[in-house]
Amino acid sequence: MRKPLVVALCALALAGAGATPAVASAPSPTGADTTTTGATPATSLTDLVNDTVGAAADALSGLTAPRADAVNFAGSVSLSNCSGSVVRMPDSAADDPALVLTNGHCLESGFPAPGQVLVDRASSRSFGLLNSSGSRVATLRADRLVYATMTDTDAAIYRLGTTYARIKSAYGIDALTLSGTRPAAGTAISVVSGYWKRIYTCSVDGFAYRMKEGDWTWKDSVRYTSTCNTIGGTSGSPVVDSATGQVVAVNNTGNEDGERCTVNNPCEVDENGTVTVRRGINYAQQTYLFPACFGADSRLELNASGCAVPKP
């Protein structure tokens, strides 16, 4: 699990004092904040800090971001401490409330405890919406934390105060679709970081039967090939199947120092209990289970047939 506290400060230093934060206007009726010349500055100090970090990340990404052709940044979002994406289920309607996917360990309230599942909590979390080139075009706001856990998986899903149709109409951006199918080894993937405005490309190397990191255990984790050398701030990034454009996982961790099963040094555990440590290799949590757990109007339905995510 990676928190970008140090890298954010480095970005600010590299961007220099000339980096001017974008100031968002008051929320529009669509639930999205838009930058408007001459608008009254937002009163939230958190938003101002987030925009400052976003401006610094934009400056740094101009130096570091690789080019990507098929997969781009449209629909990805930046959080104050992580990355994420606006996502829809395969059968979502245009007028459904939009959802944002990130990691459970990216919650503003801190890490959920092992065994803890959070559902239907009030939230006013803000997200910087990116267009295809990685430019921030709006601030979207949540009205609920729909689901979050770090048990078996590492995921959080927020509901926005706007719909997919309104986002499309205002910004020309479509949500990313969550695949309902488990990815296969060898699948070409792109990890799209809204925080760093950077796209990592590699393939699914395989799967960890169990992955342990500190007090947490995750199931059936995606292991990347080595070229997806993700860093702090990429937590919560959508993992996109490069062929279909659909989200198959959410990026969450990597073994940084070669330690065994410690925080920031996850280990793999197979069916026989054998532990494997892969220093420098990074991982994601699969998302194909979520579509079965959502119904009309983006409602979470944990008792629905086929919904197999952890429950409270």
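**View 1. A hairpin made by β13 and β14.** Strands β13 and β14 form a hairpin, with five residues between them; in that turn, G245 has a positive phi of about 80 degrees. Strands here are DSSP runs of E with at least two residues, helices are runs of H or I with at least four, and both are numbered from the N terminus. You're looking at a predicted model, so local features need pLDDT of at least 70 and side-chain atom pairs count only at pLDDT 80 or more, while totals for chains, interfaces and linings use all residues. Residues are numbered from 1 along each chain as its sequence is written, and side-chain values use heavy atoms, with hydrogens and water left out. β13 (residues 238–241) and β14 run antiparallel, joined by three bridges; two strands pair if DSSP finds at least two bridges between them. Look for V239, which stands opposite A249 in β14.

**View 2. Strand β14 and its partner β17.** β14 (residues 247–254) has eight of its eight residues buried, so the rest of the structure largely encloses it. Buried means under 20% relative accessible area, exposed means over 50%, and partly exposed is in between (1.4 Å probe, protein chains only). β14 also pairs with β17 (residues 282–286), in the antiparallel sense and over five bridges. Here T253 has Y283 in β17 as its bridge partner.

**View 3. Aromatic rings that pair up.** The structure holds four aromatic pairs. Rings of Phe, Tyr and Trp (its six-membered ring) pair if their centres lie within 6.5 Å; planes under 30 degrees apart are stacked, over 60 edge-to-face, and the rest tilted. One of the pairs is F127 with Y158: the centres are 5.3 Å apart and the planes sit at 65 degrees, so it's edge-to-face. This pair links distant parts of the chain, 31 residues apart, with F127 in strand β6 (residues 126–130) and Y158 in strand β8 (residues 155–163). F127 is buried, at a relative accessible area of 0%, and Y158 is buried at 0% too. Y195 and W196 have ring centres 5.0 Å apart and planes at 75 degrees, so they're edge-to-face as well.

**View 4. The buried face of helix α3.** Y164, I167 and Y171 are buried in α3 (residues 164–171). Seen down the axis, the buried residues of α3 fall within an arc of 65 degrees, so they line one face of the helix; the arc is that of the directions from the helix axis to the C-beta atoms. After α3 comes G172, with a positive phi near 70 degrees.
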